[in-house]
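Please examine the sequence and the structure shown here. The paragraphs that follow lead through selected parts of the model.

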Amino acid sequence: MSPVTLSRRVLLGAALGAAATTACAQTPRPAPELVVYKSPTCGCCTAWVDHMRAAGFRARIIEQSDLTPIRKARGIPDAMASCHTALIGDYALEGHVPAQDVRRLLAERPEAIGLAVPAMPLGSPGMEMPDGRKQPFETLLVMRGGATRVFAQHG
């Protein structure tokens with residue numbers, strides 16, 4: 001083998017190795033698993049889980065008729081209550097929280113209980129309307145002690 005061929009092989013091997021390393025470094029880590037507590041008969045909750053799965057989240061569903069004990073254990077105020085409660089990492093998600101807001105929550109890691117979208121607004125994930133109608137809504141950051149602040153605005 002000539003020195004030129006050997007040099008090309010070494011350079012090509014180094015370039016491929018660097019490309020593989022860069023690709024691995026840029027591959028996003030899988031999101032933690034969502035544990036979703038929902039009523040057995042709620043279709044919009046199932047649609048929200050579908051939205052989260054389509055965004056790359058893994059989800060495990062636990063069906064139960066009374067979500068109050070889950071909310072109370074996590075410190076979610078009654079005023080934020082919605083049709084389902086999800087847990088992800090150290091956070092609670094109440095209602096139809098968009099996947100992009102959950103990703104931001106996990107990236108920023110604020111000192112908080114979690115996120116809530118109260119009142120099941122039309123057009124929020126899982127509450128899509130066949131005619132495309134949407135209501136503007138806010139995702140709220142629920143602080144320890146129950147105070148909230150706007151985390152994201154939609155619509």
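Which residues of helix 4 (residues 99-108) are buried? In this predicted model, they are Ala99, Asp101, Val102, Leu105 and Leu106. Viewed down the axis of helix 4, these buried residues fall within an arc of 160 degrees, so they line one face of the helix. Their packing partners are helix 2 (43-54), strand 3 (84-88), strand 4 (91-95), strand 5 (114-117), strand 6 (137-142) and strand 7 (148-154). Arginine 109 follows helix 4 and has a positive phi, near 50 degrees.

Helix 2 may be considered next. Its 12 residues, at 1.5 Å a residue, should span 16 Å, and the end C-alpha atoms lie 17 Å apart, which agrees. In helix 2, Cys44, Cys45, Trp48, Val49 and Met52 are buried. Around the axis these residues cover an arc of only 145 degrees, which puts them on the same side of helix 2. The exposed residues Gly43 and Ala54 are carried on the face turned away from that buried side. The buried residues of helix 2 pack against strand 1 (34-38), strand 2 (59-63), strand 3, strand 4 and helix 4. After helix 2 comes glycine 56, whose phi is positive, near 100 degrees.

A word on confidence is also required. The average pLDDT of the protein chain is 86, and 80% of the residues score at least 70. Over residues 4-24, however, pLDDT stays under 50, and the model has 2 contacts beyond four places in sequence for these residues. Where pLDDT is low, the predicted coordinates should not be read in detail.

Key. Residues are numbered from 1 along each chain as its sequence is written. This is a predicted model: local features need pLDDT of at least 70, side-chain atom pairs count only at pLDDT 80 or more; totals for chains, interfaces and linings use all residues. Side-chain values use heavy atoms; hydrogens and water are left out. Buried means under 20% relative accessible area, exposed over 50%, partly exposed in between (1.4 Å probe, protein chains only). Helices (H or I, at least four residues) and strands (E, at least two) are DSSP runs, numbered from the N terminus. The arc is that of the directions from the helix axis to the C-beta atoms. Contact means heavy atoms within 4.5 Å. pLDDT is the predictor's confidence in each residue, from 0 to 100. The expected span of a helix is 1.5 Å times one less than its number of residues.
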